Amino acid sequence: MQFLGIKFQSLYIKGSLMSFYAVARGHNIGIYDSWAKCEEQVKGFKSARYRKFKTRSEAENYIKNLSGLTVAGTKVREHACFWPEDECFELNSLEDSELLAAAAEVEKTTKGKNKRTASSAEDHEKAKKKFPVHVSNFWKPVAHETIKGLSFEIDSEGYVIVYTDGSCINNGQPDACAGLGVYFGENHPLNASEPVTGRVTNNVGEIQAAIHAIKSAKSLGIKSLCVSTDSQFLINSITLWIKTWKQNEWRLKNGEPVKNEVDFKKLDELLADKSIRVKWNYVKGHNKIVGNQIADKLAREGSDMYRRLHN
């Protein structure tokens, strides 16, 4: 979310008293001089909070009380290329490869002579019906907060923003090399690029990246964390499937063990003590979002570290 502070030179426009439209929760938090501009910021935004005031001070107080932010004099540094040119949300934006990877991970693919062959398009449509597809959502930073001497970007709901990603070279092959990437911000000391441990797959990189990010946040006492990932598999696993896995003693419907049980148990344990609230957010990969792009770059560097260590 972008944070806007707008200065008005006059309280009167065309002979009438000017109104101040305060947007405390919306696409862009700020104060606007017309309903049309205000409507642009709240239309289509879930749980938007906005109100019309006669004075700017009342509008400022409204935003401060709801969002904890001060409008006057606030400037937010923004990368020129941080947000994609086309910010429209995309339903069913999951790529074929990730849908099929998720299907293989959750329910073991049948092998043998009787296996029905299907086109990539048919597999894609089947997977879309079978697995929840999340809408790509861009949480823009509205402010910065200093926690134990480190600066973090904060979204409009008060969550620290972090991007995570996994990478695997030759995924599924004997010579696979996988890594994880964590990105809190430009030149941030908590940014991480590491090789994976244990199983060597892209999904393992995704899970271990989230574990690393949450551990880092908890070590600093961060209470609310928005994990932005391009892995629909990770989000569905930790918010939906893991409940059934635990009930079935970490086995799938077909009786096979959950492949990434060790890592999912670590992630589940991190979330169980309730000392931190984690908001899982899907962002479409390779879509000109700098946070995701850098997390991807860090993950690929982690894969290269794995290659150098094990080859």
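**Aromatic and charged contacts in a predicted model**

Phe233, Trp241, Trp245, Trp250 and Phe264 form a single aromatic cluster. Rings here are those of Phe, Tyr and Trp, the six-membered one for Trp, and they pair if their centres lie within 6.5 Å; planes under 30 degrees apart count as stacked, over 60 as edge-to-face and the rest as tilted.

Before going on, the ground rules. This is a predicted model, in which local features need pLDDT of at least 70 and side-chain atom pairs count only at pLDDT 80 or more, while totals for chains, interfaces and linings use all residues. Residues are numbered from 1 along each chain as its sequence is written, and side-chain values use heavy atoms, with hydrogens and water left out.

Back to the rings. The search of the whole structure finds 9 aromatic pairs. One of them joins Tyr21 and Trp35: the ring centres are 6.4 Å apart and the planes stand at 50 degrees, so this pair is tilted. Tyr21 belongs to strand β4 and Trp35 to helix α1 (residues 35-42), so the contact ties together parts 14 residues apart in sequence. Helices (H or I, at least four residues) and strands (E, at least two) are DSSP runs, numbered from the N terminus. Tyr21 counts as buried at 13% relative accessibility, and Trp35 as partly exposed at 37%. Buried means under 20% relative accessible area, exposed over 50%, and partly exposed in between, with a 1.4 Å probe and protein chains only.

Phe152 and Phe184 give another pair, with centres 5.7 Å apart and planes at 75 degrees, so the geometry is edge-to-face. Phe152 lies in strand β8 and Phe184 in the loop between β10 (177-183) and β11 (192-195), so the pair links parts 32 residues apart in sequence. Phe152 is buried at 1% relative accessible area, and Phe184 is buried at 2%.

In strand β4 (residues 20-25), 5 of the 6 residues are buried, so the strand is largely enclosed by the rest of the structure. What does β4 pair with? Strand β6 (residues 49-53) pairs with β4 in the antiparallel sense over 5 bridges, and Tyr21 stands opposite Lys52 in β6. Strand β5 (residues 28-32) also runs antiparallel to β4, joined by 3 bridges, with Ala22 opposite Ile31 in β5. Two strands pair if DSSP finds at least two bridges between them.

Next, charges. The whole structure has 11 salt bridges, each a side-chain nitrogen of Lys or Arg within 4 Å of a carboxyl oxygen of Asp or Glu. Lys279 sits in strand β13 (residues 277-282) and Asp155 in the loop between β8 (150-154) and β9 (160-169), so the bridge ties together parts 124 residues apart in sequence. Both residues, Lys279 and Asp155, are buried. For Glu157 and Lys279 the closest N and O atoms are 3.0 Å apart. Glu157 is partly exposed, at 41% relative accessible area.

Lys279 also meets rings: it lies over the face of Trp139, at 3.5 Å from the ring centre, and over that of Tyr159, at 4.3 Å. A charge sits over a ring if NZ of Lys or CZ of Arg is within 6 Å of the ring centre and within 35 degrees of the ring normal.

Last, a bridge within a helix. Lys265 and Glu261 have their closest N and O atoms 2.7 Å apart; they are 4 residues apart in helix α7 (residues 261-272), separated by about one helical turn.
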